[in-house]
Amino acid sequence: MNAGEKQRTPWIVGVSGASGTPYAAAVLRALLEAGESVDLVVSRASRLTLLDETGISFRDGHWQDDLREWLSRGADGKPDRFQVDLAGVRHWSAGDLAAGPSSGSYPSKGMLIVPASTACVAGVALGLSKDLLQRAASVTLKERRRLVVAVRETPLGGQTLRHLVALDDAGASVVPASPGFYAGATHIQDLVDFVAGRVLDAAGVEHGLYRRWKGGLGGGGTAAGR
C-alpha cells in the first residue's frame, strides 16, 4: 500500500451449505450498495445448494460472471431484477487456507455467515477450521471482531443449540433466518430482505431493506420501498 492510500477493510461474507442462498444475495447486494468492500468465501457445500436453488454453478475460475448472475436475480428466481457493481468484491476459494482472511493480521471489519448450516455452526463453535470459511470465522472471534451467524435450520437439535450458545458466549451475534411480518411483506423478496436487514443490523451496517417498527399498530399494509 502506497503512502496516503486508504487501506481496504472489507466485510468477510461466508456462504455455507444451508438452504437460503437468497439471504446471502440480499446481504451482498446491500453491503455493496452501502459502499462496503466484501471478501467472499463460498463453501463447497453451498455451491451445491446454489445450483439446486437457482440453477447457477459457482466456479472459482468464473466467479465474477457467476456472482453477477446470482446477485441479479430476485428471491423468486427471476433474472435481471437487480443491477450490481462487483468492483468492491474479492473472492477467495474455500480450500485456500493461505488466503488473506485466514490470518488475524489481515484487516477486516468482521464476518457475516449467511446462511449458516448446522455443520458450519458446529465447526466454528469447536474451532475446527476445516476450510477457509471456518478458519476466517475463528480468526474473527479471536481478534474480537464482529461475527454474525445467520443460522438456517428447523427444528434445532440440542447439540446445535449448545453450539449456538457457545458462539454467543464467544461474542458472536446469532441471527436466526426468521422473517418478521410487521414490516408489511407483500412479496418473497420482502421476507428475504427482512432477514438480510437484521443480519446487517447486527453488523452495524446501514441499509434500507425493511420498514422499521415505530411503535404504531396497523402500519404493515405495505412494505418499505414497494
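**Note on the predicted model**

1. Tyr182, Trp213 and Leu217 make a nonpolar surface patch of about 390 Å². A patch here takes residues with over 30% relative accessible area and no salt bridge, and joins nonpolar side chains (Val, Leu, Ile, Met, Phe, Trp, Tyr) within 5 Å and like charges within 9 Å. A salt bridge is a side-chain nitrogen of Lys or Arg within 4 Å of a carboxyl oxygen of Asp or Glu. Areas come from the Shrake-Rupley method with a 1.4 Å probe, and for residues only the protein chains shown count as cover. Trp213 sits in the segment after helix 7 (188-203) and counts as partly exposed, at 47% relative accessibility. Buried means under 20% relative accessible area, exposed over 50%, and partly exposed in between.

2. This is a predicted model: local features need pLDDT of at least 70 and side-chain atom pairs pLDDT 80 or more, while totals for chains, interfaces and linings use all residues. Residues are numbered from 1 along each chain as its sequence is written, and side-chain values use heavy atoms, leaving out hydrogens and water.

3. The largest nonpolar core has 40 residues; Leu31, Leu40, Leu67, Trp70, Leu71 and Leu112 touch the most other members. Helix 1 (21-33) is among the elements that give two or more residues to this core, and its share, nine residues, is the largest. Such a core is a set of buried Ala, Val, Leu, Ile, Met, Phe, Trp, Tyr and Cys residues joined through side-chain atoms within 4.5 Å. Helices (H or I, at least four residues) and strands (E, at least two) are DSSP runs, numbered from the N terminus.

4. Helix 5 (residues 132-142) is mostly covered, with nine of its 11 residues buried. Among them are Leu132, Leu133, Val139 and Leu141, along with the polar Gln134, Ser138 and Thr140. At the N-terminal end, Asp131 caps the helix: a side-chain oxygen lies 3.3 Å from the backbone nitrogen of Leu133.

5. Most residues other than glycine have a negative phi, and most peptide bonds are trans. Arg144 follows helix 5 and has a positive phi of about 60° although it is not a glycine; Arg144 is exposed, with a relative accessible area of 69%. Asp80 also has a positive phi of about 60°. Asp80 lies in the loop between helix 3 and strand 3 (89-93).

Key:
Buried < 20%, exposed > 50% of the residue type's maximum accessible area, 1.4 Å probe, protein only. Polar contact = N/O pair within 3.5 Å; in protein donor to acceptor, adjacent residues only side chain to side chain.
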